[in-house]
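Hi,

Here is the structure I promised to pass on.

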Amino acid sequence: MTNDKLDNWLEIGKIVAPQGLSGELRVYPVSDFPERFEVPGKRWLLCSGDTEPQPIELLTGRYISNKNLYVIKLAGVENCDRAEALRGCKLMVPASDRPQLGEDEYHVLDLIGLEVFMQASGELVGTVVDIIPAGNDLLEVKLHPSFTTDKGQMTNDKGQITNDKRQKTVLIPFVEAIAPVVDLPSGRIEITPPPGLLEINN
């Protein structure tokens, strides 16, 4: 059952656990914009059983890079018990609050599901299934079966061609030199991978 009321909201993170004893919370981000968690101001919380998000005040936030988490402090959450009660709640902002993107920036959610084509041949490579944040974001692309089976590039250690039809995924650096065309309206990305990029990952 979809909740139409939530169409107007964007999830920016999920509270995964209390942090310490003073009511701080660990949040797993699903937003590319650090200011969502670091700049004090109004946010909204959606907890299980709620039909719509409730306003809450973000007081402070900091990023813990080795865990890819933010630790935030919310107004009124003073101790570990209050924090524990919020475990699993989602942090939301109104959908109209999408930060303005620069010309070459994309929302992660907009990229998942796009089809990836070789720019030179127009051949379908596969579909974006995930974005892996790194120095340069990596597109995780699930290869289309036709792309993997007719290449004769599935070789095993002995150099024999294996007939491994499991769907493979490859990681493609999301940089302009390799993915020069991102066409959101038609749902496609065109890539110009350097030789070997698509074979390395097999």
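Below is what turned up, starting with the aromatic rings.

One caution: this is a predicted model, so local features need pLDDT of at least 70 and side-chain atom pairs count only at pLDDT 80 or more, while totals for chains, interfaces and linings use all residues. Numbering runs from 1 along each chain as its sequence is written, and side-chain values use heavy atoms, with hydrogens and water left out.

Searching the whole structure gives three aromatic pairs (ring centres of Phe, Tyr or the six-membered ring of Trp within 6.5 Å; planes under 30 degrees apart are stacked, over 60 edge-to-face, the rest tilted). Phenylalanine 37 and tyrosine 70 make a stacked pair, at 4.4 Å centre to centre with 25° between the planes. Phenylalanine 37 sits in helix H1 (residues 35-38) and tyrosine 70 in strand E5 (residues 69-74), so their pair ties together parts 33 residues apart in sequence. (Helices, H or I with at least four residues, and strands, E with at least two, are DSSP runs numbered from the N terminus.) Phenylalanine 37 is buried at 0% relative accessible area, and tyrosine 70 is buried too, at 6% (buried is under 20%, exposed over 50%, partly exposed in between, with a 1.4 Å probe and protein chains only). Phe37, Tyr70 and Tyr63 form one aromatic cluster.

Elsewhere, arginine 188 lies over the face of phenylalanine 117, 4.1 Å from the ring centre (the cut-offs are CZ of Arg or NZ of Lys within 6 Å of the centre and within 35 degrees of the ring normal).

Finally, valine 16 belongs to strand E1 (residues 9-19) and, at 33% relative accessibility, counts as partly exposed.

Cheers
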